[in-house]
Amino acid sequence: MEKRRIAILGSTGSIGRQALDVVRQHRDLFDVELLTANNNSALLVSQALEFGANNVVICNESKYEEVAEALQPHFIKVFAGMKSVCDLVTGDGIDMVLTAMVGFSGLESTVAAIKAGKAIALANKETLVAAGAIVSSLSRKHGAPILPVDSEHSAIFQCLQGSHGAKISRIHLTASGGPFRTWDKEKICKVTPAEALNHPRWNMGQKVTIDSATMMNKGLEVIEARWLFDTDPDMIKVVVHPQSVIHSMVEFEDGAVIAQLGYPDMREPIQYALSYPERLSLDNRKLDFAELGELTFQAPDTDRFPALGLAFEAISAGGNMPCIMNAANEVAVNAFLENRIGFYDISGIIEETMAGVDFVGEPDLETIFMTNREALDKARLNLNRHLR
C-alpha cells in the first residue's frame, strides 16, 4: 500500500494511544500529520516529538503556551481550540482522519473532514448516534468513506467483505456484559465508580467503561450500526458474550452466520481501518482455539440494564431523540464518576431528559447542535433531583 498521511483526533486517549502503537509497527506506511488532545498537554508533546507531527492542536486553550514552548523549537506548528481542529483536518496533507475524541465534541471536526472528502476511521460513535442520517448523507455526497474502528463494527464490516452484496438477515452485536453481568439489581444499585471502571475484558477510557457497565455503550453501538450498514434497527440483535472473542456476527438469508474472532485488542480494528483494504502484520496475541475452552451467549437483561432499552427506544423514535439520549448520558455519566449520583440514576436522568426535550423528526445539523445544548441543560436540571 502507498504511505498514508493520517490525523489522529484525540491522540492522548485510549484509542489514540493504541493507534500510535500501530503506527510504530508500520512507520514505513503511515505518516502522522496532525495530533490533537483536549487536556493532556504533556503526552501530546511527547507524541508529537516521537512521530514528527507537522501540526498539533491542544483544544484547552489555556495550555497553548505550554505546548507551543515545547514544540515550536522543533518546527512543529501548534494551534489551540476546536476551530483549529476543524480547519486543519481539511488540509491537502491529510489522507485519513481517525476520530477518537470522546462524546458529542467529535461531531463538528468529523463533519469538517467529511466535507473535505477525507477517509474517516470512526472511533467516535457519538457522531453517528447524534447525527447519523446527516453524516451518512454527507459521506455519500462528498465521497468520504467511513471505516469503523469499534471492534464490533469492524467485525461486522469484515464479515461483509466476502458477502458479494448478499442480503443480510440479522446483525448479531456482541457485548461482554460488563462487570455487573451476574449481579442482581439490589447489588447493582449500590455500585461505586471504582467498581464500574473495573471492566473484565477491555482497557478503555472512563466514559466508555461506564457506558459498558450500564450497557449504554451497546445501545450506542446499535444506533451506530444502523447507520454504518444502512440496516433496519429491528435487524440488529444484541447478544451477551462474556469471553469477548467473537466480536460480532452477520447472519444471511439462508441462515449462514459469519463471525469475526480475535483476542480483545483494539489495535486490530484500528489497524484494519487505517490500512483497508489491505491487512498488515500486527504484534498481538493470536487465538489458540485449543486454549479457548467454552464460548457462551445469553440474552441482554434490560430490566437490570435499562440504558440499553432506552437506546432502542431512541433509535425507534428516530429524529433528534438519539441526540437527546446521548447528551443526557454524557451529563449523567460525568456525575456518576464524580460520585454525585447512583448507578441507576444514570438511566433515570436519561429517561427524564428524553421525555422533556422537544422532538424533531427530521433535524438538520444546526438543529442537532441546538438539541444537544437543550438536552445538556435539561439533563443538568434533572440531575439535581438525583443528587446524593
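**View 1. Seven strands line up in an open, parallel sheet.** Reading across this predicted model, the strand order is S4-S3-S2-S1-S5-S6-S7. The edges belong to S4 (77-80) and S7 (146-148); each has a single partner strand, so one side of each has no neighbour in the sheet. On average, neighbouring strands here are turned by 20 degrees against each other, direction ignored.

**View 2. Zooming in on S1 and S2, a parallel pair.** S1 covers residues 4-9 and S2 covers residues 30-37, and six bridges hold the pairing. If you want a spot to look at, find alanine 7: it sits opposite leucine 34 in S2.

**View 3. Helix H7 is mostly covered.** Spanning residues 151-160, H7 has ten of its ten residues buried. Among them are Glu152, His153, Phe157 and Leu160.

**View 4. S10 pairs with S8 and with S11.** Seven of the seven residues of S10 are buried, so the strand is largely enclosed by the rest of the structure. S8 and S10 run antiparallel, joined by five bridges, and isoleucine 171 has valine 250 in S10 as its bridge partner. S10 and S11 are antiparallel too, again with five bridges; here glutamate 251 stands opposite valine 257 in S11.

Definitions and conventions. Residues numbered from 1 in each chain as written. Predicted model: local features only at pLDDT ≥ 70, side-chain atom pairs only at ≥ 80, totals over all residues. Heavy atoms only, no water. Pairing = 2+ DSSP bridges. Helix = DSSP H or I, 4+ residues; strand = E, 2+ residues; numbered from the N terminus. Axes fitted to C-alpha atoms, helices over the stretch in contact; angles between N-to-C directions. Buried < 20%, exposed > 50% of the residue type's maximum accessible area, 1.4 Å probe, protein only.
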